[in-house]
Amino acid sequence: MKTEKSKLMKSPSDLENKIIVITGGAGLIGRGFVKAVVENGGTAIIADIDELSGRTVKEELSKELRTDKIEFIRVDITSKESIKRMTDAIVNKHNVIDALVNNAYPRNKSYGNKLTPSLSSPTVSS
Ligand SMILES: NC(=O)c1ccc[n+]([C@@H]2O[C@H](COP(=O)([O-])OP(=O)(O)OC[C@H]3O[C@@H](n4cnc5c(N)ncnc54)[C@H](O)[C@@H]3O)[C@@H](O)[C@H]2O)c1
């Protein structure tokens, strides 16, 4: 008899024909998302600011997984215009974006710094 949990579990083909965009898809964790999407039947679109890494990861994973369901598109997630260009290009090609994994991590100059309370933080008064 199926348990409640197993009834909720998805089959390996649940992402069949789904178009999934992974921002930062060329990075460490992004690659894992790309693999998971393809292994579950979907098309993974690596959306990354780093064109060289993005294309390299696309080639490597396509070979490893023997698939033609990985694509690359350049995007800068800090730019509205760039995001619009990306979504327009994907929708023009595939008609749809079924899901987007917001995984990109723009490292700025404060990367790695300890978080400290800001003097301008809002305070609660009674
Ligand atoms: N690695 C970890 O241990 C860890 C732990 C917890 C959470 N996370 C989170 O997971 C996410 C991914 O982390 P990661 O370790 O894979 O990082 P990573 O540095 O390996 O990958 C980040 C990717 O984002 C891309 N990127 C950077 N700026 C971008 C921009 N403006 N537009 C589009 N793409 C851009 C980079 O080119 C890179 O491919 C981050 O949000 C991070 O905070 C990571």
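Angles under 35 degrees count as roughly parallel, over 145 as roughly antiparallel, 65 to 115 as roughly perpendicular and the rest as oblique. With that in hand, welcome to a predicted model, in which local features need pLDDT of at least 70, side-chain atom pairs count only at pLDDT 80 or more, and totals for chains, interfaces and linings use all residues. Residue numbers start from 1 along each chain as its sequence is written. Helices (H or I, at least four residues) and strands (E, at least two) are DSSP runs, numbered from the N terminus.

**The sheet**
- Four strands form an open sheet in the order E3-E2-E1-E4, with parallel pairing; two strands pair if DSSP finds at least two bridges between them.
- At the edges sit strand E3 (70-74) and strand E4 (99-102), each pairing on one side only.
- Neighbouring strands of this sheet are turned by 20° against each other on average, direction ignored.
- Strand E1 (residues 19-23) runs parallel to E4 and is joined to E4 by four bridges.
- Ile 22 has Val 101 of E4 as its bridge partner.
- Helix H3 (residues 51-65) packs on the sheet, where H3 touches strand E2 (43-48) and E3, and the direction of H3 makes about 180° with that of E3. Axes are lines fitted to C-alpha atoms, for helices over the stretch in contact, and angles run from 0 to 180 degrees between N-to-C directions.

**Helices H2 and H3**
- H2 and H3 pack with their axes 11 Å apart, at an angle of about 40°, and are therefore oblique to each other.
- From H2, the contact uses Arg 31, Val 34, Lys 35 and Val 38, and from H3 it uses Val 57, Leu 61 and Leu 65 (contact: C-beta atoms, placed from the backbone, within 7 Å).
- The residues of this contact divide into five nonpolar, no polar and two charged. Ala, Val, Leu, Ile, Met, Phe, Trp, Tyr, Cys and Pro count as nonpolar, Asp, Glu, Lys and Arg as charged, and the others, Gly among them, as polar.

**Around the ligand**
- Of the 19 residues around the ligand, Gly 24, Gly 27, Ile 29, Ala 104 and Tyr 105 come nearest (near: C-beta atom, placed from the backbone, within 6 Å).
- Helix H2 (residues 28-39) gives the largest share of this shell, three residues.
- The shell divides into nine nonpolar, seven polar and three charged residues.

Methods. Contact = placed C-beta atoms within 7 Å.
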